[in-house]
Amino acid sequence: MDMRESTIQTLTPLLNFLRSYDVLEETPGNKFLLKGKDFVHFHDDPDGLWADANFSKGRIRMSVSSRSEQGELMDMIAKKLDSLDSNSEHRRRSHKNA
């Protein structure tokens, strides 16, 4: 289901942030996959804009109606993806030394 243009405009900073990560794959409907699995997608409900995101501790649902809420989600996503990057770098180095 496609989002309304007004919703996309509100989410543009967040969508551009997600698109900046090569590890994320965007699918129709502004859904993002990580390693082929649902990572984050959005809902435009009567009570606001919501993001469902999957983290190691499970799925969270949070409001992304305001810039500050979007910033909070971006911080959480950056920490998650940066953690994956550092873990994969560590594995590559460890594997080379083996």
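This note goes through the predicted model point by point, from the overall fold to individual side chains.

1. Basis of the values. The model is predicted, so local features are taken only where pLDDT is at least 70 and side-chain atom pairs only at pLDDT 80 or more, while totals for chains, interfaces and linings use all residues. Residues are numbered from 1 along each chain as its sequence is written, and side-chain values use heavy atoms, with hydrogens and water left out.

2. Overall composition. The protein has two helices and five strands, where helices (H or I, at least four residues) and strands (E, at least two) are DSSP runs numbered from the N terminus. Read from the N terminus, the order of elements is α-β-β-β-β-β-α. Of the 98 residues, 35% are buried, a term that means under 20% relative accessible area, with exposed being over 50% and partly exposed in between (1.4 Å probe, protein chains only). The accessible surface comes to about 6,500 Å², and carbon and sulfur atoms account for 51% of this surface; the areas come from the Shrake-Rupley method with a 1.4 Å probe, and for residues only the protein chains shown count as cover.

3. The strands around β4. Strands β3 and β4 run antiparallel and are joined by six bridges, two strands being counted as paired if DSSP finds at least two bridges between them. These two strands form a hairpin with two residues between them, and H41 stands opposite D52 in β4.

4. The nonpolar core. The largest nonpolar core holds 23 residues, of which L14, L18, V40, F42 and L73 touch the most other members. Helix α1 (5-19), strands β2 (31-34), β3 (37-45) and β4 (48-55), and helix α2 (67-97) each supply at least two residues of this core. Such a core is a set of buried Ala, Val, Leu, Ile, Met, Phe, Trp, Tyr and Cys residues joined through side-chain atoms within 4.5 Å. V40, leaving out residues up to four places away in sequence, touches L18, N30, K31, F32, A51, D52, A53 and L73, contact meaning heavy atoms within 4.5 Å.

5. Aromatic pairs. Two aromatic pairs are found in the whole structure. The ring centres of F17 and Y21 lie 5.3 Å apart with planes at 75°, so this pair is edge-to-face; both residues are buried. The rings of F39 and F55, with centres 5.9 Å apart and planes at 70°, are likewise edge-to-face, and this pair links distant parts of the chain, F39 being in strand β3 and F55 in strand β4, 16 residues apart. F39 counts as buried at 1% relative accessibility, and F55 does so at 17%. Rings of Phe, Tyr and Trp (its six-membered ring) pair if their centres lie within 6.5 Å, with planes under 30 degrees apart counted as stacked, over 60 as edge-to-face and the rest as tilted.

6. Residue Q70. This residue lies in helix α2 and is buried, with a relative accessible area of 2%. A polar atom of the Q70 side chain lies 3.1 Å from the backbone oxygen of V64. Leaving aside neighbours within four places in sequence, Q70 is in contact with T10, L11, P13, L14, V64 and S65.

Technical notes: A polar contact is a pair of N or O atoms within 3.5 Å; within protein, one must be able to donate a hydrogen and the other to accept it, and residues adjacent in sequence count only if both atoms are side-chain atoms.
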